[in-house]
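Q: Please take a close look at a single part of this model. I would like one connected account of that part and what surrounds it.

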Amino acid sequence: MGYDYTVYKGSKDGSIKNQVLVRVTHSGVCFTVVHYRLTDMALGHGGAGVGSFASHAVWPELFLFKVPDAIMNEDSAPLMCGVGIIGVGGLGHLAIQFAVKMGCQVVVFSGSDTKKDEAKKLGATGFYATKGVKELKVPQKLDNLIVTTSSQPNWNLYINLLNPGATTSPLTVQSSIVSARQIHRDMLDFAAFHGIKPVNMSYPLTKDGIEDCLKTLEDGRMRYRGVLVTQ
């Protein structure tokens with residue numbers, strides 16, 4: 001059983017800061033963790049309660065988000081990261097679902113055909129393998145191109161697929177930023193209403209569990225989000 005505690009702290013301007021102790025139940029794992037693995041810092045940034053590679057964490061109340069009752073904790077943790085559509089991985093498989101529920105015609109680009117069937121099941125109307133391809137052709141020009149791969153794509157393949165004035169959003173590890181609090185709330189409500197859920201592989205939130213999860217991620221075997229579960 002978990003307990004929530006409210007802590008009131010002072011500050012330089014004299015105002016009282018309201019902080020909350022939250023018990024972490026699940027933590028999402030993405031390649032950001034791999035990049036920071038060799039640094040002397042707490043790992044993880046997508047937690048439910050919050051966190052995230054920890055048993056508990058203290059955070060300002062304003063930066064906490066209530067998870068809708070329709071979303072289970074193990075599904076909410078991976079939703080605390082960003083989304084995109086070039087690449088069918090931890091971000092891309094969520095991007096497909098969000099875009100489909102927004103009424104978009106979704107075209108997916110991936111290195112090979114290995115994830116084609118899964119992308120179609122998630123709602124993609126088109127799928128194109130890009131490895132070794134010198135030119136891509138799609139039936140309809142694109143208004144938005146969202147990148148989720150950990151490395152930059154070959155932009156020459158995609159420029160001619162875009163409508164004039166199209167928006168390109170590279171949500172790679174190097175360029176993604178944290179959204180405003182209201183956008184997080186809207187995202188959770190939208191996911192709950194439309195039943196959007198990540199495809200997860202679960203591991204115990206222990207030293208061995210974290211190492212096993214990271215190895216699966218680095219080996220390219222994760223389908224599609226790793227989630228660490230407190231024991």
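Which residue with a positive phi follows H3? Start there, then describe the helix itself.

A: The model is predicted. Gly103 is the residue in question: this glycine follows H3 and has a positive phi, near 90°.

Now the helix. H3 spans residues 92-101. Eight of its ten residues are buried, so the rest of the structure largely encloses the helix. Buried here means under 20% relative accessible area.

The peptide bond joining Arg223 to Tyr224 is cis, with omega about -15°.

Elsewhere, a charged residue is also buried. Asp75 sits in helix H2. Asp75 has no salt bridge, although it is buried. Lys197 is the nearest side chain of opposite charge, 4.4 Å away. A salt bridge needs the nitrogen within 4 Å of a carboxyl oxygen. Beyond its neighbours within four places in sequence, Asp75 contacts Lys197, Pro198 and Asn200.

The loop between strand S5 (56-60) and H2 (73-76) carries Leu62. Leu62 counts as exposed because its relative accessibility is 56%. With Trp59 and Phe63, Leu62 forms a nonpolar surface patch. Together the three have about 320 Å² of accessible area.

Methods. Residues numbered from 1 in each chain as written. Predicted model: local features only at pLDDT ≥ 70, side-chain atom pairs only at ≥ 80, totals over all residues. Heavy atoms only, no water. Patch = residues over 30% accessible without salt bridge, like charges linked within 9 Å, V, L, I, M, F, W, Y side chains within 5 Å. Areas by Shrake-Rupley, 256 points an atom, 1.4 Å probe, with all protein chains shown as cover. Helix = DSSP H or I, 4+ residues; strand = E, 2+ residues; numbered from the N terminus. Buried < 20%, exposed > 50% of the residue type's maximum accessible area, 1.4 Å probe, protein only. Lys, Arg positive; Asp, Glu negative; His and termini not counted. Contact = heavy atoms within 4.5 Å.
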